[in-house]
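Hi,

Here is the structure I promised to pass on. Please have a look at it first, and then read my notes below.

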Amino acid sequence: MSNTHLGHKARKRFGQNFLNDDYVIDQIVSAIAPNNDDIMVEIGPGLGALTEPVCDVVEHLNVVELDRDLAKRLREHPFMSSKLNVIEADALQFDFTELAKQGPLKVFGNLPYNISTPLMFHLFTFTNQIKDMHFMLQKEVVNRLAARPGHKNYGRLSVMAQYYCTVVPVIEVPPEAFTPPPKVDSAVVRLIPHQTPPVEVNELKALEKVTALAFNQRRKTIRNSLKSVIDADVLTSIGIDPVWRAEGLSLAQFALIANHATFGSET
């Protein structure tokens, strides 16, 4: 199959792989459960594989699209244009508060692999305005989001995502569901922001910094990887063994460390 779909050539720089399997699309739309009570937001609608079936069931859909040609195509679409608010912008820079003025957001998208992690971190800063998020991602990224302590996939992304959201893997999607087929398996994940954070963190930047330091040197004991921010005797005093490694620590333990760590002026 050629990489030209509906007259649009997939662009490598935007990480474009277009979904074109009707059965998979139906499963994803069912998982998203679009409705008219929430503010629906699609990131990177591309050629409208999810946009069209969502528009079939809602009156209004906001779409954030960086590719100028695709944004124009959506604005001029014979069936959908009247329902679409096309925002030509980089989702990584976009202020989603703008769309949340009318109510909570339901966000979804088939995210380009090259921006999925930074984009999720950007969206986490708006979680108090988001009802839920459904994203198609590399299966490996979904595994990392959902990983528990002690698993090889467990890392900074797992800890931070689980601080903000309940993570639920929903559907696995094979490469053949896309044009052109990516070289990796994909999966859809549901992220439901917590009404109240599951752990108490005095300073969010401290949790981010502690997890980054610990997982940047994940083979080291935390006594070594975190020595610049917390002493071994302080770790012991809060019930954490300094010889443990990052991947063995729970979110609650990382929160405890963050609340007792000492940083320079940057935090």
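What follows is a short tour of what was found in the model.

This is a predicted model, in which local features need pLDDT of at least 70 and side-chain atom pairs count only at pLDDT 80 or more, while totals for chains, interfaces and linings use all residues. Residues are numbered from 1 along each chain as its sequence is written, and side-chain values use heavy atoms, with hydrogens and water left out.

First, confidence. The average pLDDT (the predictor's confidence in each residue, from 0 to 100) is 91 for the chain, and 93% of the residues score at least 70. Residues 1-15 stay under 50, and the model has 36 contacts for them beyond four places in sequence; contact means heavy atoms within 4.5 Å. Where pLDDT is low, the predicted coordinates should not be read in detail.

Now the sheet. Helices (H or I, at least four residues) and strands (E, at least two) are DSSP runs, numbered from the N terminus, and two strands pair if DSSP finds at least two bridges between them. Seven strands make up an open, mixed sheet, in the order S6-S5-S4-S7-S8-S11-S9. Strands S6 (84-88) and S9 (165-173) are at the edges with a single partner strand each, so one side of each has no neighbour in the sheet. On average, neighbouring strands are turned by 20° against each other, direction ignored. Axes here are lines fitted to C-alpha atoms, for helices over the stretch in contact, and angles run from 0 to 180 degrees between N-to-C directions.

Within the sheet, S7 (residues 105-110) pairs with S8 (residues 130-138) in the parallel sense over six bridges. Phe 108 has His 134 in S8 as its bridge partner.

Which helices lie on the sheet? Helix H4 (residues 116-124) lies across S4 (39-43), S8, S9 and S11 (186-193), and runs at about 175° to S8. Helix H6 (residues 156-164) touches S9 and S11, with its direction at about 115° to that of S9.

H6 also packs with helix H5 (residues 139-146), at an angle of about 60° and with the axes 7 Å apart. Val 141, Arg 144, Leu 145 and Ala 146 of H5 meet Leu 157, Ser 158, Ala 161 and Gln 162 of H6. By class, this contact has five nonpolar, two polar and one charged residues; Ala, Val, Leu, Ile, Met, Phe, Trp, Tyr, Cys and Pro count as nonpolar, Asp, Glu, Lys and Arg as charged, and the others, Gly among them, as polar.

There is one cavity of 30 Å³ or more. A cavity is a set of points on a 1 Å grid over the protein atoms alone where a 1.4 Å probe fits but cannot get out, and lining residues have an atom within 4 Å of a point. Points are joined across faces, edges and corners, and a volume is the space filled by probe spheres set on them. Phe 108 and His 134 return here, among the lining residues of the largest cavity. Helix H1 (22-32), S7 and S8 each give two or more residues to that lining, which has seven nonpolar, three polar and no charged residues.

Finally, two backbone details. A cis peptide bond joins Thr 179 and Pro 180, with omega about -15°, and Pro 180 is in the loop between S10 (178-179) and S11. Ala 33, in the loop between H1 and S4, has a positive phi near 55°. Most residues other than glycine have a negative phi, and most peptide bonds are trans.

Best wishes

Key: 1 Å grid on protein atoms, 1.4 Å probe; cavity = no way out; pocket = protein on both sides within 12 Å on 5 of 7 lines; lining within 4 Å.
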